[in-house]
Amino acid sequence: MGGIVEVLILGFLISSLYALTALGFTMIFGVAGVLNLAHGAFAMVGAYLAIWAMSAWGWGLPAAAAFAVLGMGVLAPLFYLVFVRPVEDRPIIVFLATLLLAVILEQSIALTFSFNSRILPPLWEGSFTLLGTRISYNRVAASAIVLLILLGLWLFVRRARLGKAILALSMERRGAALVGIPARQIILGVWGISGALAAIAGLFIGSFFGISPLEERLLLVIAFSTVVLGGLGSIPGSLWAAFIIGYSETIIQQFAPEARGLASLAILMVVLMLRPQGLLGRAAA
Amino acid sequence: MSRPRQLRLPSCLWWIGLGLTLGLLLAIPYLLPLLFPDMKVNPILLRRWLDTLTVACLWAILAMSWDLLGGYAGQISFGHSLFFGLGGYTSAVMSVLFGWSPVLIIALGGLVAAVGGLVVAAPALRLHGPYLSLMTLVAALAFERLMRWAKPQIGIPGAEGAILCIPQCFLTFDATAKYYYALGLMVGMALLLYALTRSRFGLALEAIRDDEEAAQAAGLNTAKYKTLAFGMSAFIAGLSGAFYVYHIGSASPKAVLDLEISVQAIVASVLGGLGTIFGPIFGAFFFKITEEYLRLLGALRFVVLFSLALGVLLLVPGGLLAKLRVQLRRGWQALYTPAGAVRNAQETGELGVGRRR
C-alpha cells in the first residue's frame with residue numbers, strides 16, 4: 001500500500017517536472033521550427049545560475065531562483081540571436097549548432113563548478129505523513145507550482161493576445177504573417193519563455209535529485225523523448241507523454257530499479273516504430 | 001564589369017596535393033624526431049604523439065562513416081557511438097573467447113556493427129529528420145545502459161560493464177607499426193568511400209538528402225539506398241571501434257559507447273566540411289592533435305575546440321578544407337593569370353581578368 005502511494009505521488013512530481021522540461025522545447029519547435037538541442041543545457045545553466053548567485057553574492061534561495069529564471073529568460077533569446085538566427089533556413093546546420101552550444105555550455109559550467117553533482121536547498125522544509133508515506137512539503141510545493149505554471153501557460157496561450165499569436169504562428173506561419181503577426185519578435189519572446197521554463201525545471205530537478213553539468217544530456221533526452229512521444233509541436237501531447245514516461249519510470253524505479261532508464265527508452269522506440277508522428281501529431285497544436 | 005572567369009584548379013594538382021599529404025602522413029614517424037629534438041631524447045614523448053595520430057586515424061574513419069550518412073544521405077545520426085561500440089565490444093569478446101587473428105576480428109567487428117546498422121535502419125526508414133536522430137540517439141543510449149546493466153563476465157570484467165582483454169586484444173608494442181596499420185585502414189576506407197560517393201550510389205544519397213520525395217518520384221528506391229547507407233556507415237564505424245579496442249586494450253561503456261564519441265565525430269565532420277569525405281579526415285586530425293596539444297589546458301580545451309567548431313559551422317559552413325581549397329584556387333588563379341588568361345581574355349573580349357594583373 002505504502003509503495004503504491006509513494007509511486008503515485010513521486011510519479012506525479014516527476015511527470016510534472018518532465019512536462020515542464022518538455023514544454024519549452026516543444027514551444028520553440030512549434031513556433032520557430034527549431035529543434036533546440038541546447039534545451040537541457042538551458043535547464044542545467046539555470047540551476048547553476050541560482051547556485052552561483054547564492055555562493056557568490058550570498059543571496060537567499062527565492063532571490064537566486066528569480067535571478068536564474070530571469071537570467072535564462074534573457075540568455076536564451078541572446079543565444080538564439082547569435083547562434084540560430086544567422087543559419088535559420090538550414091535545419092541541419094541549426095541542429096548541429098544547438099548541439100555544439102549544448103556541449104560548450106556543459107563544458108564551461110564543468111570548468112567553473114567541476115563535474116560534481118550539487119543539490120539546491122529545498123524551497124520548503126519539513127514533511128507530513130499520508131497513509132504511511134512521508135511526503136515533504138517541498139514536493140507538494142513543487143507539484144503545485146508546476147501545475148500553476150502549466151495552467152497559467154494554457155490560459156496565456158488561449159486568452160492573451162500574445163499567446164494567441166504564438167498559437168497562430170505554430171499552426172500556420174504564412175497565415176499568421178498575412179494577418180500581421182510579427183513573427184520575428186514573437187519567436188524571440190518564445191525563446192525567452194522557453195529559457196525561463198527550462199530554468200524553473202532545472203531549479204526543481206536540482207533541489208530533488210541534484211544537478212551536474214552532464215545532467216544536461218539526460219534532461220535533453222527526457223525533453224526530446226517526451227516531445228516526440230507526444231508529437232512534435234503539440235503542447236497537450238507533451239503533457240500526456242510526460243505523464244506516461246514519468247509514471248512508467250517511477251514504477252520501474254520502485255519495482256525493478258536495475259532496469260531504470262531502459263524502460264522509458266524501450267517505450268519510446270516502440271511508439272516511434274508504430275506511430276512515427278507521436279501520440280498527438282502536429283495538427284493538434 | 002563581368003565577373004572574372006573561374007579558372008578551375010587542374011584536377012591533377014588536387015591529386016598531387018593528396019599524394020603529398022599522404023607522403024607526409026607516411027613520413028611522420030621519421031619526421032617528428034627530426035622536427036622536434038625533444039622527441040629524439042625522449043622516446044615516450046614520440047610514442048605519445050604517435051598514439052595521438054593513431055587515434056586521429058581511427059577518429060577520421062569514424063567521422064567519414066558519419067559523413068556518408070549525415071553529409072551525403074542527410075540522415076543525421078546521433079548514435080554513431082552505438083556502431084563504434086558494437087565493433088569495440090565484438091573485438092573484446094571475440095579476442096578473449098577465440099583469440100583469432102586481429103584482422104579477422106576487426107573485420108568481424110565491422111560486420112556486427114553493420115548488422116546493428118541494418119537493425120537501426122529498419123525503423124529509421126519510416127522516420128524523418130529529428131525523429132530519426134532521436135531514434136539513433138535512443139538506440140545508442142539503450143545499448144550503453146544495457147552493457148552497464150548486463151556486466152558481461154568475459155575476460156577480466158571491469159566495473160560498469162567493462163571488458164579488459166589486454167593479453168588477447170593486443171596488436172603490437174611498436175607505436176610506429178600501430179600507426180601505420182591505422183593509417184592503412186584509414187586510407188583504404190577513404191578510397192572506398194571516395195569511390196562509393198562518386199558512384200551512382202553516392203549520387204542517389206545526395207538526391208535523397210536534397211529532396212527525398214523528388215528522388216522517389218524519379219524512380220529511386222530510397223528505402224534501399226538509405227538501408228545500404230546505414231549498413232555501410234555502421235560497418236566502417238564498427239571497424240574503427242574494433243581497431244580502437246585493439247589500441248587501448250579494453251572495451252567499456254565510457255571508452256567506446258559514450259555519447260561524446262558521436263559528438264566528436266560530428267564535430268570533426270563539421271570542421272572539415274560536411275559531405276566531402278576528405279574533410280572529416282582533416283577535421284579529425286585537427287581535433288585530436290589540438291586536443292593533445294592543449295592537454296595542459298585540461299577541460300578548457302574542449303570548450304575551445306567546440307567553440308571553434310561552432311564558429312566554423314556559422315562562419316564557414318562549407319568547412320575548413322573547402323575554404324582552403326578556395327584559397328588555393330585563388331592563389332593558382334593569380335599565378336596563372338599573367339600568361340594564359342590575358343590571351344584568353346583578349347580572345348573572348350573579357351578584359352576583366354586581364355586587368356587584375
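Start with two helices, α4(A) and α14(B), which are roughly antiparallel to each other because their angle is over 145 degrees. This is a predicted model.

**Stop 1: α4(A) against α14(B)**

Select residues 91–113 of chain A and residues 300–315 of chain B. The two helix axes cross at roughly 160 degrees and come within 9 Å. The crossing of α4(A) and α14(B) is left-handed.

Now show side chains. On α4(A), the residues in the contact include Ile93(A), Leu96(A), Leu100(A), Ile104(A) and Leu111(A). Gln107(A) and Ser108(A) of α4(A) take part too. On α14(B), look for Phe302(B), Phe306(B), Leu310(B) and Leu314(B), among others. Ser307(B) is also one of the α14(B) residues here. Colour this contact of α4(A) with α14(B) by class: 16 residues are nonpolar, three are polar and none is charged.

**Stop 2: the whole A–B interface**

For the complex, the predictor reports an ipTM of 0.78 and a pTM of 0.83.

**Stop 3: α5(B) and α6(B)**

From α5(B), pick Val120(B), Pro123(B) and Ala124(B). From α6(B), pick Leu132(B), Met135(B), Thr136(B) and Ala139(B). Six residues of this contact of α5(B) with α6(B) are nonpolar, one is polar and none is charged.

**Stop 4: a sheet in chain B**

Switch to a cartoon view and find the open sheet of three strands in chain B. Its order is β1-β2-β3, and the pairing is antiparallel. Select β1 (156–157) and β3 (250–251) of chain B: they stand at the edges, each with a single partner strand, so one side of each has no neighbour in the sheet.

Next select β2(B), residues 163–164. β1(B) and β2(B) run antiparallel and are joined by two bridges. Which residue in β2(B) is the bridge partner of Ile156(B)? Click Leu164(B).

**Stop 5: α8(B) and α10(B)**

Select α8(B), residues 200–210, together with α10(B). Their axes are 10 Å apart, at an angle of about 110 degrees. That angle falls within 65 to 115 degrees, so α8(B) and α10(B) are roughly perpendicular to each other. From α8(B), Ala204(B), Leu205(B) and Ile208(B) make the contact. From α10(B), the residues are Thr222(B), Tyr225(B), Lys226(B) and Ala229(B). By class, the contact of α8(B) with α10(B) has five nonpolar residues, one polar and one charged.

**Stop 6: confidence along chain B**

Colour chain B by pLDDT. The chain averages 83, and 90% of its residues score at least 70. Which element of chain B has the highest mean pLDDT, and which the lowest? Helix α10(B), residues 222–248, has the highest at 93. Helix α16(B), residues 351–355, has the lowest at 40.

Finish by selecting residues 349–357 of chain B, where pLDDT stays under 50. The model has 20 contacts beyond four places in sequence for this stretch. Where pLDDT is low, the predicted coordinates should not be read in detail.

Definitions and conventions: Residues numbered from 1 in each chain as written. Chains lettered and ligands numbered in written order. Predicted model: local features only at pLDDT ≥ 70, side-chain atom pairs only at ≥ 80, totals over all residues. Axes fitted to C-alpha atoms, helices over the stretch in contact; angles between N-to-C directions. Helix = DSSP H or I, 4+ residues; strand = E, 2+ residues; numbered from the N terminus. Parallel < 35°, antiparallel > 145°, perpendicular 65-115°, else oblique. Left-handed = near helix turned anticlockwise from the far one by under 90°. Contact = placed C-beta atoms within 7 Å. Nonpolar A, V, L, I, M, F, W, Y, C, P; charged D, E, K, R; others polar. Pairing = 2+ DSSP bridges. pLDDT = per-residue confidence, 0-100.
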